[in-house]
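Trainee: I'm new to this one. Could you show me how to read its features, step by step?

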Amino acid sequence: MSAPDLPADRPRGPVSRRIPPGEDRERLVCDDCGFINYVNPKIVVGSVALWEDRILLCRRAIEPRDGWWTLPAGYMEERETTIEGARREAWEEAFARIEIDALIGVYNIPRISQVQMIYRARLLSPEVAAGPESREVGLFEWDDIPWDHIAFPSVHWALGHWRETRGFTGFPPFGEPPEGL
């Protein structure tokens with residue numbers, strides 16, 4: 001993209017990594033206009049979605065962890081709420097329509113600059129199918145979850161926290177275990 005095509009609030013000249021005045025860490029700064037490009041953590045939203053007593057899991061068709069099982073979850077998009085994002089991810093990954101019940105957990109994962117917000121949800125129909133980022137999807141009873149092939153620690157945390165909150169309302173969201181980072 002050439003400089004004239006850039007939006008007005010973007011750098012137009014060479015960019016260097018330095019500590020801008022008033023900041024405490026290096027940032028990408030435009031050497032001509034002083035624009036600071038803030039690179040901030042990504043927010044991941046998803047759900048532990050159930051049909052009766054079975055949990056929706058998706059087998060990933062993308063890296064990282066291609067072929068491993070996960071919850072329907074992914075990065076938020078601009079101008080959407082966390083609930084809208086969780087619903088969208090369930091649709092994109094499993095063609096699943098969900099109704100959000102409660103926030104299960106907010107998991108901070110600083111080593112990969114992510115904050116994950118996972119909701120408890122109910123599937124509106126058992127009809128699910130693999131979306132473009134999933135090899136396959138399935139509805140699993142607790143004892144049938146492929147625990148040795150779960151993609152990420154946060155999926156284990158969310159599933160465990162979902163189990164702890166079954167039947168409860170009005171609980172505070174969980175966080176990541178201290179040893180989980």
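Trainee: How many nonpolar, polar and charged residues are in the lining of the largest cavity?

Mentor: Keep in mind that this is a predicted model. Here the lining of the largest cavity splits into three charged, two polar and two nonpolar residues. Those lining residues are Cys-58, Arg-60, Ile-62, Thr-70, Glu-93, Glu-133 and Ser-134.

Trainee: And what volume does the largest cavity have?

Mentor: The general idea comes to start with: rolling a probe the size of a water molecule over the atoms shows where empty space is left. In this case, the largest cavity has a volume of about 30 Å³. With a cut-off of 30 Å³ or more, the count is one cavity.

Trainee: Let's turn to the strands. What order do they take in the open sheet?

Mentor: Pairing is the thing to look for: two strands pair if there are at least two bridges between them. In this model, three strands make an open sheet in the order E1-E2-E3, and the pairing is antiparallel. E1 and E3 are the edge strands, each pairing on one side only.

Trainee: Which residues stand opposite each other?

Mentor: Start with E1 (residues 15-18) and E2 (residues 27-30), which are joined by four bridges. Ser-16 sits across from Val-29 in E2, and Arg-18 has Arg-27 as its bridge partner. Next, E2 and E3 (residues 36-37) share two bridges, with Leu-28 opposite Asn-37 in E3.

Trainee: Where is there a positive phi in the hairpin of E2 and E3?

Mentor: Look at Gly-34, with a phi near 85°. That hairpin has five residues between the strands.

Definitions and conventions: Residues are numbered from 1 along each chain as its sequence is written. This is a predicted model: local features need pLDDT of at least 70, side-chain atom pairs count only at pLDDT 80 or more; totals for chains, interfaces and linings use all residues. Side-chain values use heavy atoms; hydrogens and water are left out. On a 1 Å grid over the protein atoms alone, a cavity is a set of points where a 1.4 Å probe fits but cannot get out, and a pocket is an open set with protein on both sides within 12 Å along at least five of seven lines; lining residues have an atom within 4 Å of a point. Grid points are joined across faces, edges and corners, and a volume is the space filled by probe spheres set on the points. Ala, Val, Leu, Ile, Met, Phe, Trp, Tyr, Cys and Pro count as nonpolar, Asp, Glu, Lys and Arg as charged, and the others, Gly among them, as polar.
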